[in-house]
Amino acid sequence: MVNKLKAVILGGSGYGGAELLRRLLFHPHVEILRTTAGESAGKRVSDVHLNLAGLTDLSFEGLAPQEAVAGADVAFLAMPHKTTARVVLDILASGVRIVDLSGDFRLRDAATYAKFYGVQHPGPQHLTDGTFTYGLPELNREAIRKAKYIASPGCFATTIALGLLPLARGGKLRGPVQTVAATGSSGSGNTPQLTTHHPLRASNLRTYKPLEHQHIPEILQTLRLAGGAEDVSLEFVPVSAPLPRGIFATSFVNVPAATTQEELDALWKETFAREPFIRVIRGARQPEVVGVAGGNYVEVGFTLGPVTGDSRRVVCFSTLDNLVKGGAGQAIQSFNLMMGFDERLTLAEPGLWP
């Protein structure tokens with residue numbers, strides 16, 4: 001391709017923006033036209049993201065949204081939720097394609113958005129009219145290929161939903177689900193806070209937003225679209241873990257007593273057989289963060305418990321890198337699909353070992 005697509009990154013100074021830049025700078029069909037930032041406006045990209053030194057001459061710009069997307073084919077939005085929604089409303093008329101990494105256009109119900117995000121959505125019609133396609137390739141690949149606007153999933157939502165996807169697809173996901181998921185500090189952004197400051201996090205475990213995290217309705221919406229029962233519910237406890245990258249989710253589900261190991265093995269195999277970034281882990285090992293950190297891959301697995309009364313417990317494990325498959329990598333994967341490229345472009349390399 002001689003004429004590369006011109007991409008802009010709005011909000012490029014955070015960790016999500018860093019991951020977008022790291023990969024898009026080497027995308028064979030993309031030219032990064034510009035990137036914007038607030039407090040970092042005027043600084044060279046390589047002075048903020050030190051790993052990009054010598055790889056780009058870009059500087060962060062402070063531009064209004066309409067100016068930022070001028071001349072671009074696609075805009076990647078790596079800004080906080082609540083901020084992003086208003087930016088989207090400013091640029092929709094420009095005709096630029098949008099890949100949004102925030103939570104502002106994932107949900108289909110404005111009342112649910114207001115409850116979990118704490119504000120009224122400024123463009124509620126765009127939650128219900130199909131403007132945005134939910135960018136989870138393992139669920140929505142064909143819709144993503146036809147989309148112009150992508151709402152890329154959240155990190156916890158991706159981890160937990162993919163871990164439970166075989167049960168939803170197999171019609172075995174109903175009733176209450178309990179999940180505990182530990183996440184790395186990069187998910188909290190690049191501005192130090194009391195709960196994310198390294199000396200306090202490096203030797204600590206703590207929960208936050210137990211039973212009320214904003215990804216709960218997103219996960220339920222995804223699982224029901226995948227075939228989960230309408231009565232499926234989720235009790236979710238997130239945990240801050242002392243590691244920079246990665247999420248490890250453990251989900252507990254009851255299934256009928258007649259469910260067998262062979263039946264579930266077949267469900268996991270069938271669900272992920274053609275998924276380039278999903279690894280089904282079998283045998284003595286279970287999914288681990290070290291197997292995926294730095295890459296766009298997901299490890300999934302399960303353990304089936306003994307019969308208790310009329311049910312058996314399935315414990316589902318899933319893990320990924322919150323900045324890659326849980327963030328910028330998945331956004332690029334959806335972009336690749338949307339533009340007709342190989343979805344693995346700039347994403348196929350494994351993570352770091354160790």
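Three salt bridges are counted between domain 1 and domain 2, a salt bridge being a side-chain nitrogen of Lys or Arg within 4 Å of a carboxyl oxygen of Asp or Glu. Glu275 forms a salt bridge with Arg141, with 2.6 Å between the closest N and O atoms. This is a predicted model, in which local features need pLDDT of at least 70 and side-chain atom pairs count only at pLDDT 80 or more, while totals for chains, interfaces and linings use all residues. Residues are numbered from 1 along each chain as its sequence is written, and side-chain values use heavy atoms, with hydrogens and water left out.

Domain 1 covers 5-153 + 327-339 and domain 2 covers 156-320; the bounds come from an automatic or database domain assignment. Their C-alpha centres lie 25 Å apart. The contact (heavy atoms within 4.5 Å) takes 22 residues from domain 1 and 27 residues from domain 2.

The two domains bury about 2,000 Å² between them, 53% of it on carbon and sulfur atoms. Buried area here is the accessible area (1.4 Å probe) that two parts lose on being put together, summed over both. Of the area that domain 1 buries against domain 2, 30% is supplied by Tyr15, Phe116 and Glu138, more than by any other three residues.

Across the interface, 12 residue pairs are in polar contact, both residues being at pLDDT 80 or more. A polar contact is a pair of N or O atoms within 3.5 Å; within protein, one must be able to donate a hydrogen and the other to accept it, and residues adjacent in sequence count only if both atoms are side-chain atoms.
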